Amino acid sequence: MKKIITLCLLAVISLTTAFAQTEPNRLIVKQGYDHKSFIIDRVDSVFFDKVEGVVAAKVEFKKFNTGESGDTIWVAVTKTPECKAYRITCVPTTFANAMTTDAQVESYFNQTKENLIFDDFTNAQMTGFESRFSDNTEYTLLTIGYDRLGTACHMSKANFKTPRKEVSGSPDVKGVVLETTPYSFKVKFTPNKDTKAYAICAFEKGKAEEQYNQFAPMFGFSNMGEMIKRFSQVAYEDEFINEWNKMTPNTEYEIYVQAWDKNDVFADMIIVPVKTGVLGGSGTATVEIEVKEFKLQGDQYTQRVIYTPNDQTALHRDIIIEKDAYNSAEWGEAKLLSFLKEDRPQDPQWNQYGVDDATWTVQPNSSYYACSIAQNANGEWGPLTMKEFSTPEEAGAPAKKVAPKKIVVKTTNGVTKITTPENYNVTKTIKLEQK
């Protein structure tokens, strides 16, 4: 490993030396993610200037109309005194909301290359859009102003909502919950005669809007119905029974059902509430810990530990911690309990339901505690379970490399690191001062 690092350093040094021996011939001006490069021999001079005041083109929505020939928006645009030109466009509001700074708006217009406009308008028509607007959807008029030097400066936004198209008939889908377990639910969907087709998608209660705001700019969704239709993948035309598995116990969900008529016009969104079954009981929740095999897997040493909750357990949380870290002044039982009781919604494996057969990355010839704490159906925490174990000096033959499953707490040279697999993106480092 040291040899590889040395070679990498030599390569960097050589590259740096090469640049040092060559005179630069480019001047690069960088702003955010954008940059512009100039050949130095062609640059006459570099100087600074000053423009006073706000440079923007205030945009105002007037009216929207859709017809056979296309869609039309009536707008008013007024430049500030220092604004000499502007660019204008119209995008779904979810996309506009993702652009929170003038620099982001400038970058967007640099990509779309909309024409520069120099005149003010009190009632202008915008036409020639590449695609039709979705009905019953929020859109945003967006401008950015340019000063006398051609500098993109400040944005302006104006929101509006397109009218809803008339729905043919009364498309509707009846959703009936047939069965629930702690890990699944089964629902029957029955469309009426006015429904051409429908799409379904389940979310944790209150999470649909959050996911829409996250994915709409990425996938180009203009409204919630478009996201449900895409995520459903299948457009159902007849009665259908769907079962969702691998759900979280004792959790409320909402099934969004988007139906549309014979003209593909969306009807009102239908939301079917459902709750998974309760796991555990009202007694004391405990976990039994079994320390299993220690292996060399690829270039990592691993330790298998099985955590088995009792029948009163609704959920449990499991870690291993180096013995030295646990015995340090900064940890101990109180800190460990506080750590385990802290919610981590971004870690998909923090809450465990049922048996947890975990594989941890460890070091040979080291001492650890396997730890777990369980919660019953009433939300009451049971006692902390700990089992000490030590890894041997050697392991068996190499096997297939596996990633660590969950959090590992370890200490090195007075620094305790709490790490998770890379895909969790929840790495945390705590510094401990030696006493």
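Student: Which residues of helix α5 (residues 224-232) are buried?

Tutor: In this predicted model, the buried residues of α5 are Met 224, Gly 225, Met 227, Ile 228 and Ser 232. They sit on the same side of α5, because they cover an arc of only 160° around the axis.

Student: What do the buried residues of α5 pack against?

Tutor: Their partners are β11 (197-204), α4 (208-219) and β13 (252-260).

Student: What is found at the start of α5, and what follows the helix?

Tutor: At the start, a side-chain oxygen of Asn 223 comes to within 3.2 Å of the backbone nitrogen of Gly 225. After α5 comes Gln 233, with a positive phi near 70°.

Student: Is Arg 317 buried or exposed?

Tutor: Buried means under 20% relative accessible area. Arg 317 has 2% relative accessibility, so it counts as buried. This residue belongs to strand β17 (residues 313-322).

Student: Which backbone oxygens lie by polar atoms of the Arg 317 side chain?

Tutor: The backbone oxygen of Lys 341 is 3.2 Å from one such atom, and that of Glu 342 is 3.4 Å from a polar atom of this side chain. Leaving aside residues up to four places away in sequence, Arg 317 also touches others, including Trp 350, Cys 371 and Trp 381.

Student: Which residues form the nonpolar patch on the surface?

Tutor: The patch consists of Leu 27, Val 29, Phe 38, Ile 40 and Val 46, which together have about 400 Å² of accessible area. Phe 38 lies in strand β2 (residues 34-39). Its relative accessibility is 31%, so Phe 38 counts as partly exposed.

Note on methods. Residues numbered from 1 in each chain as written. Predicted model: local features only at pLDDT ≥ 70, side-chain atom pairs only at ≥ 80, totals over all residues. Heavy atoms only, no water. Patch = residues over 30% accessible without salt bridge, like charges linked within 9 Å, V, L, I, M, F, W, Y side chains within 5 Å. Areas by Shrake-Rupley, 256 points an atom, 1.4 Å probe, with all protein chains shown as cover. Salt bridge = Lys/Arg side-chain N within 4 Å of Asp/Glu carboxyl O. Helix = DSSP H or I, 4+ residues; strand = E, 2+ residues; numbered from the N terminus. Buried < 20%, exposed > 50% of the residue type's maximum accessible area, 1.4 Å probe, protein only. Arc of directions from axis to C-beta. Contact = heavy atoms within 4.5 Å. Polar contact = N/O pair within 3.5 Å; in protein donor to acceptor, adjacent residues only side chain to side chain.
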